[in-house]
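Here's a quick tour of a protein fold for you. Have a look at the sequence and the structure, then read on.

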Amino acid sequence: MIYYQDNEVLIRNLQEGDAQVITDGEIAQGWNSEGRLDKYLMRLKDQAEGRAVVMAAEYRGEVAGYICVYPDSKQGAFAGLGYPEIVDFGVLEKYQKRGIGSRLMDAAERTAAEYADTVYLGVGLHSGYGSAQRMYVRRGYIPDGSGVWYRNRICGQHENCCNDDDLVLYLSRKLR
């Protein structure tokens, strides 16, 4: 399925070959390779079984980014409330600053709006997520008020945690 298309960017469903391209691109950026390909293969399985809508962005014919929408997520601050969750959003560094991320978010939000009037996501708190944090605020996402989460549960006051990819703040946005 095609979700967006212009002269440079095409957003479509993720395909099996895309998983390796994205994995290789992330490893080339210096990201840890452990379990990376398996994550995308799991997303493809979730898509095939109807649990997720998984999109890939092409820039001038090259796979440049990805985003996933889980229409009724079972984890995070809004688990089980029927709100879609945006998960695993990224644009490879060599394609950033070209509007690809905004187009992916637009497509994901349009898809989420088919299921509910609110969408949510968890954003990491370390500096690697700085541009994503700014983008979400500009798009109108606000914290849910539960504080930070660590490894899929609320991290209580004075609890130990690590500022890694598992430390997140949940944000939501009204779509309509």
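This is a predicted model, so a few ground rules apply: local features need pLDDT of at least 70, side-chain atom pairs count only at pLDDT 80 or more, and totals for chains, interfaces and linings use all residues. Residues are numbered from 1 along each chain as its sequence is written, and side-chain values use heavy atoms, with hydrogens and water left out.

- Helices (H or I, at least four residues) and strands (E, at least two) are DSSP runs, numbered from the N terminus.
- In general, strands of a sheet pair through backbone hydrogen bonds, either parallel or antiparallel.
- Strand 1 (residues 2–5) and strand 2 are antiparallel partners with three bridges, and a hairpin of three residues connects them.
- Strand 2 also pairs with strand 3 (residues 53–59), again in the antiparallel sense, over five bridges.
- Follow Leu10 to see both pairings: Leu10 is the bridge partner of Gln5, and Glu58 in strand 3 is the bridge partner of Leu10.
- Strand 2 (residues 9–13) is mostly covered, with five of its five residues buried. Buried means under 20% relative accessible area, exposed over 50%, and partly exposed in between (1.4 Å probe, protein chains only).
- Strand 5 and strand 6 run parallel and are joined by two bridges; Ile86 has Leu121 in strand 6 as its bridge partner.

**The nonpolar cores**

- Which residues have the most contacts inside the largest nonpolar core? They are Ile86, Ile100 and Tyr136, in a core of 28 residues.
- A nonpolar core is a set of buried Ala, Val, Leu, Ile, Met, Phe, Trp, Tyr and Cys residues joined through side-chain atoms within 4.5 Å.
- Helix 3 supplies the largest share of this core, with six residues.
- Tyr136 touches Phe89, Met105, Leu121, Val123, Tyr141 and Leu171, not counting residues up to four places away in sequence. Contact means heavy atoms within 4.5 Å.
- There is also a second, separate core of 13 residues, and Ala52, Tyr66, Tyr70 and Val87 are among them.

- Buried residues in helix 3 include Ile100, Leu104, Met105 and Glu109.
- Ala48 belongs to helix 2. Is Ala48 buried or exposed? Ala48 is exposed, because its relative accessible area is 70%.
- Ala48 and Arg103 are 55 residues apart along the chain, and 23 Å separates their C-alpha atoms.

**The largest pocket**

- The largest pocket has a volume of about 1,600 Å³.
- Of the 49 residues lining the largest pocket, Tyr66, Asp88, Phe89, Gly90 and Tyr129 lie nearest its centre.
- On a 1 Å grid over the protein atoms alone, a pocket is an open set of points where a 1.4 Å probe fits, with protein on both sides within 12 Å along at least five of seven lines; lining residues have an atom within 4 Å of a point.
- Grid points are joined across faces, edges and corners, and a volume is the space filled by probe spheres set on the points.
- Strand 5 gives the most to this lining, with seven residues.

Conventions:
Pairing = 2+ DSSP bridges.
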